[in-house]
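Look at the sequence and the fold side by side before reading on.

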Amino acid sequence: MDQAAGDARPLTPGSARPPVVPELLTTVRIPERFSPSGFHALERCPLSQLHGLGEAERLPPNPAALLGTVLHETVARLARAGPHDVTEVFNEVLQTTEEAARMLWPQAGLVPLRRAVGRTVWRKGQARLLAWASGAARHASPSRRAPPRDLLGDRDPRIPTGRERRLEVPELRLTGRPDLIERIGAEVHVTDLKSGVTTRGGRPSLPLSQQLWLYATMLETLEPGLRVRLWLHGSDRVEVPWGEPERADTRARLEDLLVRFPSGRPVEAAAVAVPGPHCGACPVRHRCPGYRSRAVSWWGQTSVEGPVAPYDVWGEVRGRHSPADPTDDRTALRDEAGRTVLISGAARWSFLPGERAWFFGLRPDETMPMHGKWVHPRSFRIPHVDVDGVGIQGVYRSRQ
């Protein structure tokens, strides 16, 4: 048993000892290939894509993000299988996803997703899915065939057609599976299926467009002179522009990336971590040296636009807030910003004198925002499955 400060008597009455906090990532290795679907996140924070951690080593995903995964997989299955009952397919995918989540993160209580995300988010997701199904039926096209072999001449096309066919372009270090590749006459059409929003201000979403531009670059490399058209297919089918400006921009961004990240090279994790507002959705933030060092400075900031930092906190456990009051289950923590923070429900775990603790994925136990101003809370609670539909993402203790 670990001891801290030479005293094994617990400060808090819980019977469960949290796991030891995992080591911060120090060195990561650059992969041989990159995926167009992760390119936007790679440019925003390279460590979010280069970390190399397995799913079970990451923090459980936000339930709304997990619901997005369910919606996208439902859309993909409907597109592959043709006309089916939307609700039936959705329920099948939901069940499979929830079972996988229980096995990967048994302590997180991620399911049932319907309760985890709340009624409003759930209904919006259902509405997006039904809108997609309606749009798919409206835009359904007759079966399209590749041009006859004699029209292709002596060329052996390197471009596979069909749904979710893998593209590999070693010279670009790119690999991916577009949702649909079709040859229509002399053109190749690439369609990306989306269950969510595909346009911003009437224009195709830039991150989604950039993903398709990379697919187009891959296709033109495989077959020079090819005519490519790109589509986003959500509740509406939207064509993504692809011309010389987009081609030049994509080539420049890709070349910059490949120069910065030579294949197989080890790099310092801290050098490729770019902390920012996106950290709250990152499943490796508990192992990220950039986030763990920067977040503390965010805790003292204020904002009128939104939360100043993810609802995580860490520091030295001081024990029960009111040891004489058994109804007060709050645990006092002296956080790394020097604040006294109270966490309701943390008393279920046992901490030793002098021990430090890390809590990821808390809920504010105070009004947010307060009079229109956002601050990092000083009072948190452990999310509970019966109330929130989701448990805490991670609780850890210091290593002796």
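This is a predicted model: local features need pLDDT of at least 70, side-chain atom pairs count only at pLDDT 80 or more; totals for chains, interfaces and linings use all residues.

Residues are numbered from 1 along each chain as its sequence is written, and side-chain values use heavy atoms, with hydrogens and water left out.

Start with the charged side chains. The structure holds 17 salt bridges; a salt bridge is a side-chain nitrogen of Lys or Arg within 4 Å of a carboxyl oxygen of Asp or Glu. One of them joins Arg-227 and Glu-187, at 3.0 Å from N to O. This pair links distant parts of the chain, since Arg-227 is in strand β9 (residues 227-233) and Glu-187 in strand β6 (residues 187-193), 40 residues apart. Helices (H or I, at least four residues) and strands (E, at least two) are DSSP runs, numbered from the N terminus.

Is Glu-187 buried or exposed? Glu-187 has a relative accessible area of 15%, so it is buried. Here buried means under 20% relative accessible area, exposed over 50%, and partly exposed in between, with a 1.4 Å probe and protein chains only. The side chain of Glu-187 also makes a polar contact of 2.9 Å with that of His-189. A polar contact is a pair of N or O atoms within 3.5 Å; within protein, one must be able to donate a hydrogen and the other to accept it, and residues adjacent in sequence count only if both atoms are side-chain atoms. Leaving aside residues up to four places away in sequence, Glu-187 touches Glu-182, Arg-227 and Arg-229, where contact means heavy atoms within 4.5 Å.

Arg-229 has a salt bridge to Glu-239 (2.9 Å, N to O). Arg-229 lies in strand β9 and Glu-239 in strand β10 (residues 237-240), so the pair ties together parts that are 10 residues apart in sequence. Arg-229 is partly exposed at 29% relative accessible area, and Glu-239 is partly exposed at 34%. Glu-187, Arg-227, Arg-229 and Glu-239 are linked in a network of salt bridges.

Next comes the nonpolar interior. A nonpolar core is a set of buried Ala, Val, Leu, Ile, Met, Phe, Trp, Tyr and Cys residues joined through side-chain atoms within 4.5 Å. The largest one has 75 residues, and Leu-47, Leu-230, Val-313, Ile-343 and Phe-359 touch the most other members. Helix α6 gives the most to this core, with nine residues. Apart from this core lies another of 21 residues, including Val-75 and Trp-105.

The last stop is a sheet. Seven strands form an open sheet with mixed pairing, in the order β17-β19-β15-β14-β13-β16-β20. Its edge strands, β17 (363-364) and β20 (394-397), each pair on one side only. Two strands pair if DSSP finds at least two bridges between them. Strands β13 (residues 313-320) and β14 (residues 330-335) pair in the antiparallel sense over five bridges; Glu-316 has Arg-334 in β14 as its bridge partner. Helix α9 (residues 289-298) lies across β13 and β16 (356-360), and runs at about 70° to β13. For such angles, axes are lines fitted to C-alpha atoms, for helices over the stretch in contact, and angles run from 0 to 180 degrees between N-to-C directions.
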